Amino acid sequence: MQHLRQRFKSPAADKLVRLHKNIYLNRSDPKYHEKVIAYLDPHSPEAHYKLGQYFENNGNIGKALQHYKEAMSTYPSPYYFPASGSIRRLTKEQAPAIPEPQAASGTTAPRTKRNIAAAGLKMLLLVLLFINVLLLALLYGPTAASKVVSTFMPWSVGKEVTYESVETPFVLHFPYGEPQKAVEEALHKKALQLASDRPKQTIILYGVASGVRTADNQAVPLNDEQIKIKAFVVAEYNPAVDTSVKIRFLHPEFQKLRTTAGAQLIRTALEAYAADHGSAPSSIEQLFQPYPHNYASYMPIETITGSAHVRTVFDGSGGWVYDARAQDPARRFYPNVAWGEGVSGTTAASASLPFEPITVTIDKSAHLLRLNAGPLVLAELPVGLGADGRTPDGTLAVLERVREPQGSRPGAYGTAALGMGELAIHGTSDEASIGANRSLGCIRLTNEAMSALYPLVPRGARVVIGSGGTGGSERAPVLVQPELLLPSGKDGLGWEAEETAKHRVFHWLG
């Protein structure tokens, strides 16, 4: 039945928006946008903008203005500038005309010299007052702009794009763990400085956490679109239309997802170490020894606070906690942060994050490798497989991890490999073999993809090889930019270990 539903999709399916398990909204419903606000997203900029148009067309200007203003509360969004333009237009149309002075009925008011002089003096005072206000605005306006701080809420219903001004993007670097107040002040100050030289442009500042020692006050032009994905905060300001610098912190759930992935990576390595030695290591550093004892390549950053420091007891200050005496993997290693209101203490912090091992799934029918940390998808990469069905189905484990493995011929296994007995997941310079069945049984990735995958897969990770579905993980959130888990530079815990096998020749199937 499920197969038939997927094959014969209802004609109305494209118009349905899912609310809960079996509850949907139909885009053709006349009350659709009102229901979006009531049941799906009370701040949806699209829904408020469309309702504003509806009330405007029906002559209810008050309600139209109310919804247009609500549409502008999410910034940036595709509906911010259209809503702003509608408000300006409606406000102008509703402004009452200044009535001409009229005399009493049936009479003509005499215009004396004294009345004319008084009127001229009043006009002169008004002109002088206007000039003074204008000068004060020019002198103090930029520095008087306040800042509005909000948390990012993604658009949930549709989108359309409108450009009404020139956007000038910049990047500002902050140290990991920089206090939020300091970030706000730096972005506010820098936005005003940049706007003073660009009064008719929209200044956009992307705040990025990096290994700098202090906040970098030198904003540089954005020349890499990937920076937008890495940014944890965005500030926007257009002095021509804004009275505030709008500061938007990206949804904290993304930081939590990355921290979850980092915890599962180290937990998987710890379980593999315990299986090999009979107990967990007395020190976390034992995971990062030279080959063949390199259970992991590095200590991930706990991305909520930006720390990779490891403590032995929970104090909520960021980083990680490692308790070698704990028997439960979830209590042995966990984030040193409290999640949720009122959460504090070791038990509460660890119980909120159950152990789910790192898993590599190979979908042979799609020639696709998927890397999971529990239900979270870290990466999806195309692969090459064995000719004539030589890549077998089954569940294996990563038994060894090696960079630049040597084979019977130079470059046979590419930049890195994850050994699983006779088979391996390894790199190749034969990019034409990706997406095809040409190997002797091994799973191939391009050298670039293998270099990115290798540090994210610890020893002990499960490798599930099969055809068809992938266990329903298509619903899992893809963890964009997993390299953000890596410590800055190569000074993080684990980077010093030698992960090459200098005098060993490997004999995987290839």
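**View 1. Phe506 and Trp508 are both buried.** Here, buried means under 20% relative accessible area, whereas exposed means over 50% and partly exposed in between, with a 1.4 Å probe and protein chains only. This is a predicted model, in which local features need pLDDT of at least 70 and side-chain atom pairs count only at pLDDT 80 or more, while totals for chains, interfaces and linings use all residues. Residues are numbered from 1 along each chain as its sequence is written, and side-chain values use heavy atoms, with hydrogens and water left out. Ring pairs join Phe506 and Trp508 with Tyr291 and Tyr413 in a cluster.

**View 2. Tyr49 and Tyr68 form one of eight aromatic pairs found in a search of the whole structure.** A pair of aromatic rings is described by the distance of the centres and the angle of the planes. Rings of Phe, Tyr and Trp (its six-membered ring) pair if their centres lie within 6.5 Å; planes under 30 degrees apart count as stacked, over 60 as edge-to-face and the rest as tilted. The ring centres of Tyr49 and Tyr68 are 5.7 Å apart and the planes meet at 50°, so this pair is tilted. Tyr49 belongs to helix 3 (residues 45-57) and Tyr68 to helix 4 (residues 61-71), so that the pair links distant parts of the chain, 19 residues apart. Helices (H or I, at least four residues) and strands (E, at least two) are DSSP runs, numbered from the N terminus. Both Tyr49 and Tyr68 are buried. For Phe506 and Trp508, the centres are 4.6 Å apart and the planes are at 15°, so that pair is stacked.

**View 3. Two arginines lie over tyrosine rings.** A charge sits over a ring if NZ of Lys or CZ of Arg is within 6 Å of the ring centre and within 35 degrees of the ring normal. Arg401 lies over the face of Tyr454, at 4.4 Å from the ring centre. The charged end of Arg459 is placed over Tyr295, 4.5 Å from the centre of its ring.

**View 4. Four strands form an open sheet in the order 17-18-19-21, with mixed pairing.** Two strands pair if DSSP finds at least two bridges between them. Strand 17 (400-403) and strand 21 (443-446) are the edge strands, each pairing on one side only. Strand 18 (residues 416-420) and strand 19 (residues 423-428) pair in the antiparallel sense over four bridges. Leu418 stands opposite Ile425 of strand 19.
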